[in-house]
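Subject: A structure for you to look at

Hi there,

Here is the structure I promised to pass on. Have a look at it first, and then read my notes below.

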Amino acid sequence: MRHLRSTGRFGRGLIAFTAAAASAIAAMSFAASPAAAAPAKPAAAQAKPGDTCTAADLGTRHPYIKSTEVSPTITHFKGWYVTEGTTGTQTVTTSTQTTISVSVGLEGKVEGGFGTEALGKVGASLGLNVKVDYTSTSTESNAVTWNFNQPGYYGAYKGTKKVTGTYASLNCNRVQQGDGSWALKWIEGPDGGNFTTYTTLEEGAVRCQDTVPAGSIMAKAQSLLDCGSAAAKAEHPAGAVAPTAKQKQDRLAQRPALTSGTSAEQPKATRRSARAALDCKAEVYKIAVPGKPLSWGAPLLADDGVRLRPSSIFSAHLDNWRLCNVTERDGVIEASLWNWGNGGCATIAEQNAATERAVLRTAPCTEDDLQRFYIYRDVPGSSKIGVQNKYTGSMMGHDRYADGEFIRQYSSGRQDGTGTYTLIGV
């Protein structure tokens with residue numbers, strides 16, 4: 001392991017990038033010749049592992065739903081006693097039983113197109129109308145208006161079908177086939193996570209003696225009545241009934257879930273004040289727009305971001321990048337991107353990790369997943385790549401081709417192909 005220091009001066013070390021660097025580049029299959037055209041892929045919404053993709057898809061990703069679970073859940077509840085003479089329409093103010101927030105992966109929010117697409121696929125696969133934007137049942141009105149036409153012990157409720165599960169990321173990458181040839185396929189990427197959503201709220205009232213469908217929201221509400229208890233059998237004045245011990249226990253059991261902001265499986269970014277020692281490859285690259293002169297240029301100022309810049313003798317190596325602490329799994333490279341010009345590593349700022357279109361920046365190199373990137377490659381003979389941040393799962397891209405345009409993160413990538421770059425050896 002060796003610690004790299006920024007030189008920041010043009011002309012130092014150029015003679016080092018000779019035949020040795022060229023052979024190393026070839027070994028990593030980042031050649032500069034164009035790739036053969038791949039067959040057209042299915043529509044993105046229908047893509048599944050093993051389907052064909054194209055080089056333009058290297059900078060995109062799509063959700064792949066791996067598992068789902070649907071469970072009836074009571075969000076608001078109140079025990080209510082109706083006596084003779086008090087029947088009729090009444091409005092019951094219920095208490096919050098369970099709060100469900102719509103979330104997909106990082107930070108428990110739905111940011112950008114990836115989360116919306118994932119929840120849309122969940123609804124389609126289950127045949128349910130689920131919430132696809134961030135919302136919470138705690139924001140819904142908790143008053144239930146109901147026509148109580150018989151006396152008895154009721155549970156006035158609001159409930160929903162809570163839908164949870166896991167998803168994976170579909171990314172385009174090269175795959176070696178049985179005959180030794182290479183093709184671009186949609187593969188299950190290294191990142192994934194959990195989701196939670198729910199269907200439209202249902203409200204009503206149910207008595208102990210009512211016959212209700214098993215597994216229904218109404219049955220779930222009936223179970224909260226604790227129908228065999230003394231509270232259910234005792235005579236009451238009309239109105240609210242104090243919560244039973246079971247109801248209190250159920251509410252307490254829900255509280256830990258309400259305070260957790262992220263999934264237990266969500267990776268955590270680590271922070272270290274000391275600069276990390278990096279084991280960097282000798283070869284140096286430009287990360288360029290295919291067939292055009294602009295490439296990623298690191299900033300000189302700490303509060304600026306990585307932008308598309310032309311390369312020239314005045315670039316001061318700010319357009320030169322090295323791959324450091326490189327690992328590879330299932331054909332996908334993971335690496336830190338170290339900039340020769342300013343000595344920093346490419347990163348997404350921690351405070352902007354869950355923000356769609358957050359700007360790519362550089363910072364002192366640390367052991368931090370915000371500074372780690374997956375690199376998806378075209379077939380051998382092509383230098384085209386897609387770049388994905390390990391922690392956020394978002395793909396790197398730009399809004400438009402222009403000098404000074406920021407490199408940003410996009411949860412689903414840039415579907416117009418502007419997230420596909422070329423890795424050109426210097």
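A contact here means heavy atoms within 4.5 Å. By that count, residues 24 or more positions apart account for 71% of the contacts in the protein chain with a separation of 6 or more.

Before you go further: this is a predicted model, in which local features need pLDDT of at least 70, side-chain atom pairs count only at pLDDT 80 or more, and totals for chains, interfaces and linings use all residues. Residues are numbered from 1 along each chain as its sequence is written, and side-chain values use heavy atoms, with hydrogens and water left out.

The overall picture

The protein chain has five helices and 21 strands; these are DSSP runs numbered from the N terminus, with helices (H or I) of at least four residues and strands (E) of at least two. Of its 426 residues, 49% are buried, where buried means under 20% relative accessible area, exposed over 50%, and partly exposed in between (1.4 Å probe, protein chains only).

The core

A nonpolar core is a set of buried Ala, Val, Leu, Ile, Met, Phe, Trp, Tyr and Cys residues joined through side-chain atoms within 4.5 Å. The largest one has 29 residues, and those with the most contacts inside it are Trp296, Trp321, Leu337, Leu360, Met396 and Ile407. S14 gives the most, with three residues. Leaving aside residues up to four places away in sequence, Met396 touches Trp296, Leu360, Ile407 and Tyr421, among others.

Arg377 belongs to strand S17 (residues 373–377) and counts as buried because its relative accessibility is 3%.

His317 sits in the loop between strand S12 (307–310) and strand S13 (321–329). It is not a glycine, yet has a positive phi of about 65°. With 3% relative accessibility, His317 counts as buried.

Asp330, in the loop between S13 and strand S14 (332–339), has a positive phi too, near 55°. At 68% relative accessibility, Asp330 counts as exposed.

Enjoy exploring!

Best wishes
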